[in-house]
Amino acid sequence: MDCCLCEILQCLLILALIALLLVVVIAHVSAKMVDQTRHEKEKYFNTAEGKKESFPSLLEPHSLELSVVVPSYNEELRLPVMMDEAMEYLEKRQKKNPSFTYEVIVVDDGSEDSTTEVALRYTKKYGAQKVRVLTLVKNRGKGGAVRMGTLSCRGRLILMADADGATKFADIEKVEAGLQSISPKPENMAISCGSRAHLEKESVAQRSMFRTFLMYGFHFLVWFFCVRGIKDTQCGFKLFTREAALKTFSSLHVERWAFDVELLFIAQCFKIPIAEVAVNWMEIEGSKLVPFWSWLQMGQDLVFIRLRYLTGAWKLESDRKTQ
């Protein structure tokens, strides 16, 4: 009886090792380098007068204080609320402090609705020095949209903010304070992440047991495979110094929902200091996430992120050319 049990355990161990090896091979073989080449149409933005001008490069020196990147996919309904709030805050701040300069880059991620047209209204209202629209020829995913927008920024600081306006825009002051609290900043690199971790108990009470299980499972995978010390990797409100953005986005491979995790994983590999700051957040209807399948995809991405760097399929880049 004991002999049979040992044989069964040995067989199970062998099967587990074969399965693990298979996953590693699949992760390595299926790894792809991200195509950062811009389509000709993605190199330009429209001015308020309808003229085309070239986007700058993240490799160039900054010429503004702040750039805000807003990834948008089919956001014709939610974008105006977010933009109205953001522009009101930014305009008031500039009036109080004329030396404060900014831009908002709305990245239309291959939308099938009127997202670009809605965003261009703000270009016409405020001018292309303050609001620019980058329309991607095809859908890349949220990570791809944020990367393309970031590579087109002029700001000394770069904020990524979701188009749904789930985070109160004035909370930029909180993530700015988090960034300022980091000292020293090696090569002026630092990241400040907005966090909803303080709201977790309340959200657990409102979620089903299944969704709570998925949430904790995702948190465990993030901690086990990729990022430690950050409670909320997925909040879409993150502030980068220009140097940190160039360093991290130059190595980014994941273009879908798990891109935040890879971004922070890269930052920790480069020993870029990260602050986590509590921000106000509310659930906004119209999320593009499909609870079960999106979490499943993100779980797969987390495992593959770690394995692809371990096997050398992906490598950390040193500020490679990003245009």
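Y122 counts as buried, since its relative accessibility is 9% (buried means under 20% relative accessible area, exposed over 50%, and partly exposed in between, with a 1.4 Å probe and protein chains only). This tyrosine is found in helix α3, residues 115–126 (helices are DSSP runs of H or I with at least four residues, strands are runs of E with at least two, and both are numbered from the N terminus). Y122 and R132 are ten residues apart along the chain, and their C-alpha atoms are separated by 8.4 Å.

A quick word on the model: it is predicted, so local features need pLDDT of at least 70 and side-chain atom pairs count only at pLDDT 80 or more, while totals for chains, interfaces and linings use all residues. Residues are numbered from 1 along each chain as its sequence is written, and side-chain values use heavy atoms, with hydrogens and water left out.

Next come the charged pairs. Side chains of opposite charge can pair when their charged atoms come close. The structure holds 13 salt bridges (a side-chain nitrogen of Lys or Arg within 4 Å of a carboxyl oxygen of Asp or Glu). In one of them, E65 and R156 meet at 2.5 Å, N to O. E65 sits in strand β3 and R156 in strand β6 (residues 155–161), so this pair ties together parts that are 91 residues apart in sequence. E65 is partly exposed at 24% relative accessibility, and R156 is partly exposed too, at 33%.

R154 and E103 also form a salt bridge, at 2.8 Å, N to O. Here R154 lies in the loop between α4 (142–150) and β6, while E103 belongs to strand β4 (residues 102–108), 51 residues apart. R154 counts as buried at 8% relative accessibility, and E103 is buried with a relative accessible area of 0%. K142 and D162 make another salt bridge, at 2.8 Å, N to O.

D162 turns up again around the largest cavity, whose lining also includes M82, D164 and F237 (on a 1 Å grid over the protein atoms alone, a cavity is a set of points where a 1.4 Å probe fits but cannot get out; lining residues have an atom within 4 Å of a point). About 70 Å³ of space lies in this cavity (a volume is the space filled by probe spheres set on the points, with grid points joined across faces, edges and corners). Helix α2 (residues 79–96) gives the most to the lining, with three residues.

Key: On a 1 Å grid over the protein atoms alone, a cavity is a set of points where a 1.4 Å probe fits but cannot get out, and a pocket is an open set with protein on both sides within 12 Å along at least five of seven lines; lining residues have an atom within 4 Å of a point.
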